[in-house]
Amino acid sequence: MLVLITYDVNTSSSGGSKRLRKVAKICQDFGRRVQNSVFECVISEDQVIFLKNALESVIDKQNDSIRFYYLGNNYIRKVDHIGKQTAIDLTAELIF
């Protein structure tokens, strides 16, 4: 399923910059950055649980916020894009 993750980490609070980097790194392990604080992740329900737990252990719940939008398996018709970043097939194999 496609899960859109957005986050807002308060970098003016103690350790905020470090938390921001950690949140971004965790999200990069599961998906693709599409905006500064927005990731698209094609992941299973088990991976969502693991991802949420990993992010929850990093953030300061009093100062930071993470939102999860579940677009499901039929997400292709639910996502539209305009602008410079070209869309890629998130389910295609990556060749290095």
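The legends below describe close-up views of a predicted model.

**View 1**
Along the sequence, the elements run β-α-β-β-α-β. The chain has 96 residues, and 31% of them are buried. Its accessible surface comes to about 6900 Å². Carbon and sulfur atoms account for 50% of that surface. Take the contacts between residues at least 6 apart in sequence: 66% of these join residues at least 24 apart.

**View 2. Helix H1 meets helix H2.**
Two packed helices are described by the angle between their axes and the distance between the axes. H1 spans residues 16-28, and H2 spans residues 45-56. Their axes come within 10 Å. The crossing angle is roughly 170°. Angles over 145 degrees count as roughly antiparallel, so H1 and H2 are roughly antiparallel to each other.

**View 3. Residues in the contact of H1 with H2.**
H1 contributes Val23, Ile26 and Cys27. H2 contributes Leu51, Ala54 and Leu55. The residues of this contact divide into 6 nonpolar, no polar and no charged.

**View 4. Strands S2 and S3 form a hairpin.**
S2 covers residues 32-35, and S3 covers residues 38-42. The hairpin leaves 2 residues between the strands. S2 and S3 pair in the antiparallel sense. Their pairing runs over 3 bridges.

**View 5. Arg33 and Phe39 across the strand pair.**
Arg33 stands opposite Phe39. Phe39 lies in S3, the strand of residues 38-42.

Conventions. Residues are numbered from 1 along each chain as its sequence is written. This is a predicted model: local features need pLDDT of at least 70, side-chain atom pairs count only at pLDDT 80 or more; totals for chains, interfaces and linings use all residues. Side-chain values use heavy atoms; hydrogens and water are left out. Helices (H or I, at least four residues) and strands (E, at least two) are DSSP runs, numbered from the N terminus. Buried means under 20% relative accessible area, exposed over 50%, partly exposed in between (1.4 Å probe, protein chains only). Contact means heavy atoms within 4.5 Å. Accessible areas come from the Shrake-Rupley method with a 1.4 Å probe; for residues, only the protein chains shown count as cover. Axes are lines fitted to C-alpha atoms, for helices over the stretch in contact, and angles run from 0 to 180 degrees between N-to-C directions. Angles under 35 degrees count as roughly parallel, over 145 as roughly antiparallel, 65 to 115 as roughly perpendicular and the rest as oblique. Ala, Val, Leu, Ile, Met, Phe, Trp, Tyr, Cys and Pro count as nonpolar, Asp, Glu, Lys and Arg as charged, and the others, Gly among them, as polar. Two strands pair if DSSP finds at least two bridges between them.
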